[in-house]
Amino acid sequence: MSGASDVAGQVGYLRALLPEIVLTVSALVVLLVDVFQRGEHRGPSGSSVRWLSVIGVLLAAAANVTLISLGPAGPDALVALDGFRVLANFIILGATLLGLLFAFDYLKREGLEIGEFYALLLLASVGMMILSGAQDLVLIFLGLEMMSISVYVLTAFNREDPRSAEAGLKYFLIGAFASAFFIYGVALLYGATGTTHLVRMASVLSHGHPGLLTAGGAGLLLIGFGFKVSAVPFHAWAPDAYQGAPTPVTGYMASGVKAAAMLALFRVLWVSLGSVQGYWHGTIWWLAVLTMVVPNLVALVQDDVKRMLAYSSVAHAGYLLVGVAAGGPLGRGAALFYLVVYTLMTVGAFAVVYVVAGKGDRHSHLADFRGLGWRRPWLAGALGIFLLSLAGFPPTGGFVGKLYLLRAAVGSHQPGLAVILVLTSLVAYYYYLRVVWKMYFEDAPADVPEPDVTGRAFRFGAVLCVAGILVAGLVPGPAVDAAGSAGLTGASAPSVDESVASTAPGARQDAKPRTHPRRAAARAQE
Amino acid sequence: MYHPILPALVLALPLAGAIINGVGAFLWREDHRVARWVGPLAVGASFVVVAINFFAMKASGTTAASVVSLWTWIAAGGLHVGVDLQFDRLSMVMMLIVTGVSTLIHVYSIGYMRGDPGFNRFFAYLNLFVFFMLVLVTAASFPLMFVGWEGVGLCSYLLIGFWYENEAYSNAGKKAFIVNRIGDFGFLVAMFIIFGIFGSLDFSQVLPAATGHLRYGDVWATLITLFLFLACMGKSAQIPLYVWLPDAMAGPTPVSALIHAATMVTAGVYLVARTSVLFALAPISQAVVATVGAGTALFAATIATQQWDIKKVLAYSTISQLGYMFLAVGVGAFTAGIFHLMTHAFFKALLFLGAGAVIHSVEHAWHEAGRHGGDPNDMRNHGDLRRWMPVTWITMWSATLAISGVFPFAGFFSKDEVIWKSGVLGYPLLWGVALVAAFLTAGYMARLMALTFHGGENRTGEEARGHLHGAPLAMAVPLVVLGVLSLVGGWIQIPEALPLPHVSALEGWLDPVFEPAHHVMAMHGGAAATAAPLGGGELTWGLISTVVALAVVVWIFLAVVRRRYRPAAESPEPTGLSLVLYRKWYVDELYDRLIVRPLMALWRGCWKIVDDGLIDGTVNGLASGARAVGWVGSQLQSGRLGAYVLLFMVGVLVILGTVAF
C-alpha cells in the first residue's frame with residue numbers, strides 16, 4: 001500500500017474526501033456569492049450561482065475520478081476507498097447535476113430563485129456521498145442527517161405553497177422518528193460489539209457469539225434505513241412528500257436520497273452484518289416483497305401523474321431491495337447499474353411532469369397529458385422513453401437493469417423475488433402505459449393547458465437522460481462491467497467473490513447455506 | 001464427370017432481382033426503368049446458367065444427382081438438414097421449364113403492367129417467386145423443398161392480392177393461402193413419418209433406402225404418400241382442394257400464366273415424380289392419385305364449358321390438365337406426367353398471356369372511350385377480335401390445337417401418352433374418363449376461341465371499338481415464342497407406334513430417375529398391356545383421338561360462331577344444366593355450408609366464450625382485483641401523520657418481533 005493511499009493521516013483524509021470537500025466548498029462559495037450579489041434587497045439570485053453550483057458538481061466529479069487511482073484505504077479508515085464508493089458518488093453527482101439542470105427553469109417559473117436552494121442541494125449531496133462512502137456507523141449517521149436536514153428544507157422550499165410546507169413538515173417529523181430508531185440501533189450494535197466501525201464489527205461478529213443485542217441493533221438499523229429508502233411499511237411519508245415537494249426536488253429526492261441510502265444499507269448489511277444474515281435477511285426479503293407489491297398496486301388507482309410517479313419510485317425501491325437481498329458482486333452490480341438507469345429515468349420523468357403541469361404545478365392530472373404526443377412531440381417522446389424504461393421495455397436501460405436484478409435474484413437462489421419482480425413489473429405496465437396512451441391515442445380538448453416552453457438547461461438535461469437510457473439499453477456492456485466489478489471493502493472474501501462472479505451468475509458471496517432466519521438466529525445465539 | 005456450374009447463381013440471380021426491385025418499390029416507386037430491366041434480366045440470366053448446366057450435364061452423360069451443399073441449416077440431435085441443392089436430370093428439366101417460361105412471362109409483364117403504380121413491387125414479387133420455385137425444384141431434402149413450397153405459396157398470395165385495394169382480390173389471396181395450409185399439413189406429417197422411419201430427410205438418404213425400409217404395399221408407405229398427395233391436392237388444385245385456383249385469377253394475368261398455370265401448380269406433380277419410388281411402393285396411393293387426377297380432369301372440364309369469364313375457363317382448364325398429370329404419375333407413367341407438365345407450361349402460359357392481351361386491349365379501349373363498369377374478362381363482351389389482334393389470334397389457335405390434342409401440336413403427344421399409359425397400365429375406367437375429358441377440352445377451347453376472336457361481330461361497344469389494339473411488342477414476342485413451342489414442344493417424345501421417326505429424348509433423359517420406381521412396379525405389378533381396354537393399338541387410338549378432337553373443335557366452333565351473342569350486361573341468365581355448370585356444380589356453396597359456416601360459428605363461439613369470457617374475463621378480473629387492492633391501499637394513505645406513524649410502528653413491532661424470536 002503506497003503512502004498516498006494511507007488515509008490514517010490527516011493529509012490522506014483530505015485526499016480521500018476530496019469530492020466531498022470540493023462540493024462543500026462549492027456550496028459555501030455559492031452561499032457567499034449569493035449574499036454579496038443580492039446584498040440587502042430580496043430579489044432573485046443572479047445566474048452566477050447556478051453556474052457556480054454546476055461547476056462545483058463537475059469539479060467534485062473530477063475529484064471523484066482521482067479516487068479511482070487511490071488504493072484501498074487502511075483497515076481502520078472511516079471512509080472506504082473502493083469502486084462501490086466511487087460509483088455511488090458518480091450516481092449521486094449525476095442526480096445532483098440533473099436536479100440542478102432541471103431546477104433552473106422551474107425556480108424561475110415559480111419565483112424561487114434563491115441561492116440557498118443550490119447550496120442546500122449541494123450540501124445534501126455531500127451528505128449522501130458521506131452516507132454511502134463511510135465505514136463507520138457514526139459517520140454514516142452524520143451523513144444521513146446532513147442529507148436529511150437539507151432535503152427537509154428543500155421539500156418545504158416553496159413556502160408560499162401549503163402543499164410544499166405540509167410535505168416538508170411530515171417528512172421531517174417522521175424522519176426524526178426514524179433517525180431515533182437508527183441511532184438506537186447503532187447504540188445497541190456498539191453495545192454488542194464494542195465498535196461502530198463496520199469492518200471491525202464484522203470481525204467481532206464472526207468470531208464472537210452474537211446475541212439479542214445484535215439482533216435488536218440490526219432490526220433497528222433496518223427500520224432507520226427502511227424509512228430512508230421508503231420501504232413498505234415505512235414509506236407512508238414518501239408519496240405525500242414527493243407530491244408536495246417542488247418537482248425538481250422530488251426527482252432529486254427520489255433518485256439521490258434513495259441511491260445513497262440504498263447503497264449505505266448494502267454496505268452496512270453485507271460488510272458489518274454479513275456473518276449474521278439470519279438476523280436480517282428474512283426482513284430484507286419481506287421488505288423487498290412488500291415494497292414491490294404495495295406501491296405498484298396503489299399506483300394503479302392514481303390519476304395524478306406526479307403522485308403516480310411517486311408511487312412508482314417507491315416501487316423501484318422494492319426492485320433495488322432485491323439487489324440488496326441478493327448481495328454478492330452480482331447483487332452489488334445489479335443495484336449499482338439499476339441506480340444509474342433509475343436516476344436518469346426518474347429525474348427525467350419528474351422534470352417532464354413539471355413542464356406539463358405549468359405554473360404552480362397545477363396540471364399534473366392524467367387528463368392533462370392527452371394528445372401531448374402531437375402537441376409537443378419531443379417532450380412527449382422523452383417522457384415516453386422514461387416511462388417505457390421505468391416499465392422495463394427493451395431497448396431501454398430499464399429493461400437491462402431489471403434483467404440484471406433478476407439474474408442477481410436467481411443467482412442467489414431466491415427465485416421467489418425474481419417471480420414477484422416480474423409479476424409486479426407486469427402490473428406496473430398498466431399505469432405507465434396509461435400515460436403513453438393518453439399522450440398518443442387521445443386527442444387534446446381545447447381546454448387542456450399548453451405545457452411550458454422549455455429552456456436550454458432543461459433540454460440539455462433531458463437529452464442527457466434519454467441518451468443515457470438508450471445507451472444503457474443498447475450497449476449496456478461497459479456500464480454493467482463497471483458496476484459488476486465495483487469492489488466493496490470488507491465484503492467477505494473478496495478474492496473468492498470476484499472469481500465466482502466471473503464464472504457463474506448464480507454465485508453467492510458467502511458459502512453459508514441460507515436457512516430460515518429465525519432458526520439461523522437461534523443457532524447463532526447458542 | 002459433371003459438376004454443377006455456378007449452381008448458387010441460378011437461385012441468387014432471381015433473389016437479387018427481388019431485392020433490387022423490392023428496394024425500388026420503396027425508394028424509386030415512380031421510376032420503373034430499373035425494374036423493367038432487372039426483373040426479366042435476372043430470370044433470363046438464371047435461365048442461361050441453367051441451360052449451360054443442362055448442356056454440361058448432357059455432355060457428361062451422367063445419370064447421378066450432383067448435390068451442392070451451401071451451408072448447414074438445421075442441426076439438432078439426429079436431424080441434420082443442409083441447404084443442399086440437387087442437380088439431377090429431373091430437377092434440370094424443371095429448372096429449364098421454370099426459368100424459360102418465367103423469362104418469357106417477365107418480358108410480357110413489362111408490357112402488361114406498364115404504368116401500374118405497383119410496377120416495381122410486381123417485379124419484386126415475381127422475381128421472388130422464381131427464386132422460391134427454383135428452391136422447390138432444386139432442393140435436395142424435404143425440408144428445403146418445403147421452404148420453396150411455402151415460399152411460392154407466399155408469393156402466390158402476394159400476387160393474387162396484388163391489387164389489394166379491391167377486397168375481393170385480397171380475399172381471393174387469403175382463400176388460396178388457407179386452402180394451401182390444409183395441404184401443407186399433409187407435407188409436414190409426411191416429413192415426420194419419413195424422419196421417423198428413415199432417420200433422415202435428404203432425398204439422397206431416403207429415396208435409395210426406400211425399398212430397404214418399406215415393403216411393397218407397406219402401410220407406412222401408403223401413409224407417407226397419401227399425406228404427400230394431400231399437399232399436392234392443395235398446391236396443384238385437385239379435388240377437393242381445387243377451389244382456390246379459379247379465385248386466384250384475381251391476380252394480374254401474367255401471374256395467372258406463370259404461377260397458376262405453368263409452374264407453381266405443377267409442383268405437386270413434381271413432388272410425386274420426385275418421390276416416385278415411394279408411390280411405387282404404395283399401390284393404394286397410386287390408385288388414389290390416378291383416380292383423383294382423372295376425376296378432376298373430367299369434373300373441371302365440365303365446368304369450363306359453361307364459364308363466360310375467359311380466365312375462369314382457362315383456370316378450370318388448368319385444373320383439368322393438372323388432373324391429367326396426376327393421372328399419369330398415378331398410374332406410374334412418370335415421364336408422361338412430366339412431359340405433359342412441360343407442354344402444358346407452354347400452351348397454357350400462352351393461353352393466359354393471350355387472354356391477358358385480350359383483356360388488356362378491351363380494358364384499354366373502354367378506358368379510352370370513357371366507359372366504366374362491365375367486365376373485360378367476359379367473353380360475351382369480346383367477339384371478332386382477330387381483326388384487331390392477329391398475333392394473339394394465331395398464337396392462341398396454336399395453343400388451342402395443342403391443348404385439344406390435335407396432331408402435330410405438342411399436346412397431342414403428351415396427352416395421348418397420358419391416356420394411352422393409363423389404359424395399358426391397368427386403369428380402363430380412368431382411360432375412358434380421360435378420353436371424354438379430352439373431347440370436352442377440345443369443346444370448351446373451341447368455344448373460347450369462337451367467342452373471343454370470331455363471330456363476325458364485335459361486342460366491345462361502338463365507341464370503344466376504335467381503340468382496340470394488338471399486343472405491344474413486349475407482349476407479342478413471348479406469345480410468338482410460346483406459340484412455336486406449343487407446336488414443336490411435343491416432338492421430343494414421339495411414340496414408336498406412329499409412322500414417324502421414333503424420338504424418346506425425354507424418356508431417355510428421365511428414365512434413370514424413375515428407374516427405381518419402375519423396377520418396383522415391374523416386380524410387383526403385371527407387365528403393361530399392348531392394347532387399349534377396348535382393343536386397338538396406340539396408333540389406332542392416336543388416330544381416333546386426334547380425329548375426334550379435331551371434329552369436336554370444328555363442330556363447337558361452327559355452332560358457337562353461328563349463334564348470336566349479346567354483351568354480358570344484356571345476356572339472359574343461364575338455366576338448367578348450364579346453370580349448374582356455370583355455378584361450378586355449386587361446390588363453393590357446398591363448402592360454404594358444410595365447412596366455412598360451421599367453422600365460423602365454432603370460432604365465433606370460441607371467441608365469445610373462450611376469448612371474451614374466459615381469457616378476457618380472467619385478465620380483466622385480475623386487473624380489477626389489482627385496482628381494488630390498490631384502492632384499499634390508497635385509503636391507508638390518508639394524509640394524516642398519526643396514521644403514518646401508526647403504520648410505521650406496526651412495521652417496527654413486526655420487525656423487532658421477528659428478529660427477537
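**Close-up 1. Salt bridge K170(A)–D240(A).** In this predicted model, K170(A) and D240(A) form a salt bridge with the closest N and O atoms 2.7 Å apart (side-chain nitrogen of Lys or Arg within 4 Å of a carboxyl oxygen of Asp or Glu). The pair joins distant parts of the chain, helix α7 of chain A for K170(A) and helix α10 of chain A for D240(A), 70 residues apart; helices are DSSP runs of H or I, at least four residues. K170(A) is buried at 8% relative accessibility, and D240(A) is buried at 11% (buried, under 20% relative accessible area; exposed, over 50%; partly exposed, in between; 1.4 Å probe, protein chains only).

**Close-up 2. Salt bridge R33(B)–D31(B).** The N to O distance between these side chains is 2.7 Å. R33(B) is exposed at 54%, whereas D31(B) is partly exposed at 26%.

**Close-up 3. Interface of chain A and chain B.** Contact (heavy atoms within 4.5 Å) involves 33 residues of chain A and 23 residues of chain B. On the side of chain A that touches chain B, 22 residues are nonpolar, five polar and six charged (nonpolar: Ala, Val, Leu, Ile, Met, Phe, Trp, Tyr, Cys and Pro; charged: Asp, Glu, Lys and Arg; polar: the others, Gly among them).

**Close-up 4. Helix α18(B).** Of the 26 residues of α18(B), 19 are buried, so the helix is largely enclosed by the rest of the structure. Just after α18(B), G455(B) has a positive phi of about 105 degrees.

Local features need pLDDT of at least 70, side-chain atom pairs count only at pLDDT 80 or more, and totals for chains, interfaces and linings use all residues. Residues are numbered from 1 along each chain as its sequence is written, chains are lettered from A in the order in which they are written, and side-chain values use heavy atoms, without hydrogens and water.

Notes: Helices (H or I, at least four residues) and strands (E, at least two) are DSSP runs, numbered from the N terminus.
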